[in-house]
Amino acid sequence: MLHLVNKSPFERKNLDACLKHAKPGSAILLYEDAVYAALTGTAVTDTMTGAAGTFAVHVLEPDLAARGLGTDRLIAGVRPVDYGGFVDLTEKASSVQAWL
Amino acid sequence: MTDLTETDPAAGEQVVKRFMYVNRKAPHGTVYALEVLEMVLISAMFEQDVHVAFLDDGVFQLKKNQDPGRLEMKDFSKTYRALEGYGIEKIYVEQESLDDRGLAAADLVIPVEVIGRAAMTELMAEMDVVLSA
């Protein structure tokens, strides 16, 4: 299963809800304002470092670049993908859940 | 609606009020940041005492090296550099908000005054008008 999260973890609880309900081993894609969850040195880094060990966490690179963030700031284990990678994740998943 | 730039009928002179625009949203996921920036630029025309504050996810608006062209969106982060030219120089960023997001003043597109939450509270309380988004 692929979980899609697009809200900032500092403002909304969507990502928390996702992490609490996703099965270990599921894929998670952070895009739009959720890309802020993928960074080192923040208030959610510890949570996301744990999540990166439990889930296959991906982040949409164009959304990082738009916000002035480089892949050098990503938490270890979080994988950057482009739009093609987004499509591949969707194609591989048995189902997709958007945590809007 | 209250006339925000009213004229004092007794003195016949324009009343200067302390305005604060509070930015609390990240820049590209919603339109709030751009809308507030446009409001700030318009406010420069009215010769008021303008303050601009960035806290919570609003601090992300000032992050250097934004490239929203990758999303086919406008890069308005450059426009913050024009604020000084419009006489808007009272720009405050909350320290705790930066810390929570792994950012420092050096990561921002313009020089700002970084203040703690307690100081931000005091500053907000001194304003005549606070507009927050």
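## Close-ups of a predicted two-chain model

View 1. For comparison, most residues other than glycine have a negative phi. Is Asn65(B) buried or exposed? Asn65(B) counts as exposed, with 12 C-beta neighbours inside 10 Å, and a residue is called exposed when that count is 12 or fewer.

**View 2. Asp56(B) also has a positive phi.** Asp56(B) is found in the loop between S4 and S5 of chain B. Although Asp56(B) is not a glycine, its phi is positive, at about 50°. Here 19 other C-beta atoms lie within 10 Å, so Asp56(B) is partly exposed; a residue needs 20 or more to be buried.

**View 3. Five strands of chain B form an open sheet.** Follow the strands across the sheet and you meet them in the order S6-S5-S4-S3-S7 (chain B), with parallel pairing. Which strands stand at the edges? They are S6 (113-115) and S7 (129-132) of chain B; each has a single partner strand, so one side of each is left without a neighbour in the sheet. From one strand to the next, the twist averages 25°.

View 4. Strand S5 of chain B covers residues 90-94 and is joined to S6(B) by three bridges, the two strands running parallel. To find your way along this pairing, look for Tyr92(B), whose bridge partner in S6(B) is Glu113(B), and for Glu94(B), which stands opposite Ile115(B). S4(B) and S5(B) also run parallel, joined by four bridges. A handy landmark there is His51(B), which stands opposite Lys90(B) in S5(B). Together with helix H2 (residues 95-100) of chain B, S5(B) and S6(B) make a right-handed β-α-β unit.

View 5. Helix H1 (residues 32-43) of chain B lies across S3 (18-23), S4 (49-54) and S7 of chain B. The angle between H1(B) and S3(B) is about 160°. Helix H3 (residues 117-125) of chain B lies across S3, S4, S5, S6 and S7 of chain B. H3(B) runs at about 140° to S5(B).

**View 6. S1(A) is covered on both faces.** Now turn to chain A, where strand S1 spans residues 2-5. S1(A) pairs in the parallel sense with S2 (residues 27-30) of chain A over four bridges, and Val5(A) stands opposite Leu30(A) in S2(A). S1(A) also pairs in the parallel sense with S5 (residues 96-98) of chain A, over three bridges; in that pairing Leu2(A) has Val96(A) as its bridge partner.

**View 7. Chain B meets chain A.** How many residues of chain B are in contact with chain A? There are 19, and they touch 16 residues of chain A. On the chain B side, the residues that touch chain A divide into six nonpolar, five polar and eight charged.

Definitions and conventions:
Residues numbered from 1 in each chain as written. Chains lettered and ligands numbered in written order. Predicted model: local features only at pLDDT ≥ 70, side-chain atom pairs only at ≥ 80, totals over all residues. Contact = placed C-beta atoms within 7 Å. Nonpolar A, V, L, I, M, F, W, Y, C, P; charged D, E, K, R; others polar. Pairing = 2+ DSSP bridges. Axes fitted to C-alpha atoms, helices over the stretch in contact; angles between N-to-C directions. Right-handed = clockwise from strand over helix to strand, strands pointing away.
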